[in-house]
Amino acid sequence: MDQLFDFSPVFDHHEKILEGFEATVRLAVVSAVLSLILGTILVAMRVSPTPVLRATGTFYVNVMRNTPLTLVLLLSSLCVSDTLGILVSDDPRTNYYWFGVFGLSAYTSTFVCEALRSGINTVPLGQAEAARSIGLTFTQSLRMIILPQAFRTVIAPLGSVLIAMIKNTTVVIVASYAEAAAFMKEMFDDYGASIPIFLGFALGFMVLTLPTGFFFGWLAKRMAVAR
Amino acid sequence: MRVRQIAAAAAAVALALGLTACGSDSEVTGGDAPKSVAQKAKDTKKIVIGIKFDQPALGLKKPDGTYEGFDTDVARYIAKELGVPESGIEWKEARSENREPFLQAGQVDLVVATYSITEARKPKVTFAGPYYVAHQDTMVRVDDDVIKKATDLKDKKLCKAAGSNSYKRVTEGPPDGKLNIPAKTVDASSYSECVAKLKSGALDAVTTDDLILAGFANQQKGAFKVINDPFTDELYGVGIKKGDKETCEAVNKAVTKMYSDGTAKTLLEKHFAGTGLKLATTVPQFVGCT
Amino acid sequence: MSEANVLFDAPGPRARRRNAILTAVSVAVLLGIAALVIWKLNEEEQFQGRLWSPFIEGDVWTNLILPGLWNTLRAALVGSVLALLFGAVFGLGRLSDHWWIRVPAGAVVEFFRAIPLLILIFLAFFVPPAVSPIIATGPLGTFQRMAVENFLFLFGVEINYGTVTVPAFAALVFGLTMYNGSVLAEVIRAGVLSVPRGQSEAAYAVGLRKNGVMRLILLPQAITAMMPAIVSQMVVLLKDTALGFVIAYQDLLHAGFKQVPPNFHNNLIQAAIVVAVIYIAINLALSRLATWLEQRSRRSTKSAARTLTAEGAPPAAGLGPV
């Protein structure tokens, strides 16, 4: 029975676990930044006064949000990079890293967009009307009245999106870039599948997701708009 | 109160399941020695065979629901010799990473899926055959004139297909490897994925068994070439649950017959004619059933 | 944009002119992007008929894609039912008055919400065959055999001389159940908490006990309120079935993307597009259902609970209550 909880593979090869999580963090950080940028562009499109941009934004969001991430990442790596022959780097690991980031951001940005959009929608109409009536211009009311309020209400939803994205980095395994989940599988192959190895990786993900959650929860509470 | 209700519901479910279980035959998994696959095939006229589903010319699931390829034809021949008609064969997908667990747990009776006999696998699997000796070779894009022999693979980008050890023959020395030259590896879930990556230039070469490569080269004519510098012998065996010697002997008999009655030659030509591959048509030296 | 909007006033002549220019520019940019994509696809010869024609052949659908779709729906259906069950047990468990139920239930829910679904699938797929022979020789050997023979066999789990094998279907369903179940546990908890306090106070006042309050007063109202959130979690679950691809579950993605291309000149892009369209169609239908339920529930006067929105995921682990 002791064999079941033999943690020695975890301790002896902890550098492998760390290596896996290093890749995960690299994916998560860059994808988070890119998703925020893309998501902001998307939300700008979706609330813009131009019907063409609104329609395009809505179409993109509906398509991406309803496609499994596995397929999005396969499309990004196998179809766009491999079949169309578009390479961003000669080094395969760097190349697939970027296509993993692209796929993950293309998918996550739609959730960022929706979180931001519902944030804008929570700002009461009267706020904008009041801003206009005291003579603020469009940019002024956006910058000083609407966005500060919208931003505060989206902290918690954005935190959820970010945490979901951290967990979703595991799906990049299908895009030929090895991160924590791929390292876990490799350790299963090399040292035999075992519960301790699983627990080692589960702990790693909890270290990433739980503090992020607490931080955003704390921030959301601190910044809450009294309404 | 609520908890008590949930507990009661859980108990009811458990009871219901327990009752259905009473009817089931728990003898099947009892402690008796397992019946050999050959015996079972003869008695029930049924057999479960693991093959590849996505390897052209070896094991491929067709849109019409049938299976084709050299491995599947060999499997059909062996099944026939074991007394199972084609209608009694159930095909299952055997991927490189699930072959051993499937055999150990009896989810498949035989594995005929480009399964090389290696020292590392011998403790886990009993191998009949080999039914063919393939060689590891290298495939490159047709316009590539840098890689002409296996040693040219130094520092090149190679495919690391999940569950396959072919890349190790290049990057490592004995016992697992062979050439021991450094190269960059790229993960892929299967060799068909490797081939897509080779086409784009994400890979410089795909190195694995020549039969697999010939299948792909033949499927996408004019895109790839095999460099024809074989550097290992890959003994394609029929995987059988560890210790089932009776079945192993029966399969070996079938393989011998397959070569002596000319079926092997017909099958090899059917699937690999025109690929430029040198086909061996004499029965390979068996490794013996252990 | 005729209706009032928090961002814009009704446009005047200058704004209308500016909007017209913006429209023209964005149309030009979008057309440019589309042209670039089409040009690239054409250059790589992705518009050849032979790459697309497989998808108008009956065989490809009846023997490859539809069986795959059925496997996807099967996993999603079984996963949903079990996840709801899991969610109900642990969601209500977290609301228990007894700490020895509340705390473990909370720990389980938070654990499974904090880790990725994929490593749960790997756990269920790879670990049992490796560790079951060890368990079989230990004191739990009989229990293991009973568990498989009496219950787990329903999912195709097999035991042979002490080795337990988990088919891809069961491993996928396990992951979907644990992960989505703990998300649903939070939805259900939030649903019950969203019923105004006065409801349960009134119920206690008329003499109902804990059981009756939950069963007769809180749950009926909570279910109406959380239906949209539950249905939209089903969309997430359905999308998550595609992870079965990683362990070779023969789902829609596997059938369309792994089995079709080797037969037809490796038409990966075409296969990906067709498969994506199927997923999108199913998920859009489910999302419509969620929105419809949300609107119906908002209009409904039968429930005093605040309707949980179908938009966006419920807060992740550590973020506190909805």
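**Domains and contacts**

Author: In chain B, the centres of domain 1 and domain 2, taken over C-alpha atoms, are separated by 25 Å. The model is predicted: local features need pLDDT of at least 70 and side-chain atom pairs pLDDT 80 or more, while totals for chains, interfaces and linings use all residues. Residues are numbered from 1 along each chain as its sequence is written, with chains lettered from A and ligands numbered from 1 in the order written.

Domain 1 of chain B comprises 37-133 + 235-272, and domain 2 of chain B covers 135-233 (bounds from an automatic or database assignment). Their contact (C-beta atoms, placed from the backbone, within 7 Å) draws 13 residues from domain 1 of chain B and 16 residues from domain 2 of chain B. On the domain 1 side, seven residues are nonpolar, three polar (Gly among them by class) and three charged.

Chain C is likewise assigned two parts, domain 1 (1-44) and domain 2 (50-299). Between the centres of these domains of chain C, over C-alpha atoms, lie 40 Å.

Chain C also touches chain A, with 53 residues from chain C and 63 residues from chain A taking part. On the chain C side, the elements giving two or more residues are helices H1 (13-43), H5 (117-137), H10 (252-259) and H11 (268-299) of chain C (DSSP runs of H or I, at least four residues; strands, E, at least two; numbered from the N terminus). This side of chain C holds 40 nonpolar, eight polar and five charged residues.

Key: Two residues are in contact if their C-beta atoms, placed from the backbone, lie within 7 Å.
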